[in-house]
Amino acid sequence: MPLSELAPDDERAPRRGRRKEARPGELLDAALDLFVEKGFAATRSEEVAARAGVSKGTLFLYFPSKEELFKAVVRENISGRFAEWEQEFESFEGSTADMVRYCMRVWWERIGSTRASGITKLIISEARNFPDIAAFYQQEVIRPANDLIRRILQRGVDRGEFRPLDIEYSVFSIVAPMVFLIMMKHSLGACAPQEYPLDPQRYIDAQVENLLQGLCARPAAKGRP
């Protein structure tokens, strides 16, 4: 997939002809668009309301502040999915190596390739200026994500599939490649040569295999080529 296809989603046209009372889901959808397009600081509540086709007063009936609106967007699109992922972890029957492959590929399909991945770029860019939303994101997204990855890695160690690891720091070996892919989609991609191809699935496959196999050649087992 060329980098041009990894660029942020185009700004959507305002929704017209809406009924006066929009559902909260429509407001969250409009807010996600604007937070990803403009960032947290630059997004105004009245813009969200206008894009959803309602008044600012209607927006505040559901979400009393921009901070509460942002939290609801994160819960709707990211943190609300951890229960689903925990259930998949508990029921997974394959090897832990397969679980790592599945984890990274599914994360891209469900979050990374969607508009919701722009929330990560927003946090990276604006966290220092908005410590309250940074603390919220740490509690609702980063901690549960890291905890789930720790459980996956510990499963591999406990089953003898992985060597003993520094679990706390090995987590970042999975997180870092995915953050890079997000930044390529929402920021760095605009600076890279347009002829440079970046296929997200091929990238993820390469990162997974480097993670699981390492880069150093190993002596062939006796009797094997």
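In which helix is serine 170 found? Serine 170 is found in helix H9, where helices are DSSP runs of H or I with at least four residues, strands are runs of E with at least two, and both are numbered from the N terminus. The model is predicted, so local features need pLDDT of at least 70 and side-chain atom pairs count only at pLDDT 80 or more, while totals for chains, interfaces and linings use all residues. Residues are numbered from 1 along each chain as its sequence is written, and side-chain values use heavy atoms, with hydrogens and water left out.

Serine 170 has a relative accessible area of 17% and is therefore buried; buried means under 20% relative accessible area, exposed over 50%, and partly exposed in between, with a 1.4 Å probe and protein chains only. Not counting residues up to four places away in sequence, serine 170 touches Leu153 and Leu165, contact meaning heavy atoms within 4.5 Å. Leucine 153 is 17 residues from serine 170 along the chain, and their C-alpha atoms are separated by 8.1 Å.

Asparagine 146 lies in helix H8. It counts as buried because its relative accessibility is 13%. With residues up to four places away in sequence left out, asparagine 146 touches Val171 and Val175.

A pocket is found on a 1 Å grid over the protein atoms alone, as an open set of points where a 1.4 Å probe fits, with protein on both sides within 12 Å along at least five of seven lines; lining residues have an atom within 4 Å of a point. Grid points are joined across faces, edges and corners, and the volume is the space filled by probe spheres set on the points. Of the 30 lining residues, Phe82, Trp107, Ala145, Ile149 and Val175 are the closest to the centre of the largest pocket. H8 gives the most to this lining, with 8 residues.

The second largest pocket has a volume of about 370 Å³. Its lining has 16 residues, and those nearest its centre are Phe162, Arg163, Leu165, Leu211 and Leu212. H6, H9 and helix H10 (200-213) each supply at least two residues of this lining.

Last comes the nonpolar core, a set of buried Ala, Val, Leu, Ile, Met, Phe, Trp, Tyr and Cys residues joined through side-chain atoms within 4.5 Å. The largest one has 52 residues, and Ile204 is among those with the most contacts inside it. Leaving aside neighbours within four places in sequence, isoleucine 204 is in contact with Met104, Arg105, Trp108, Met178 and Leu181.
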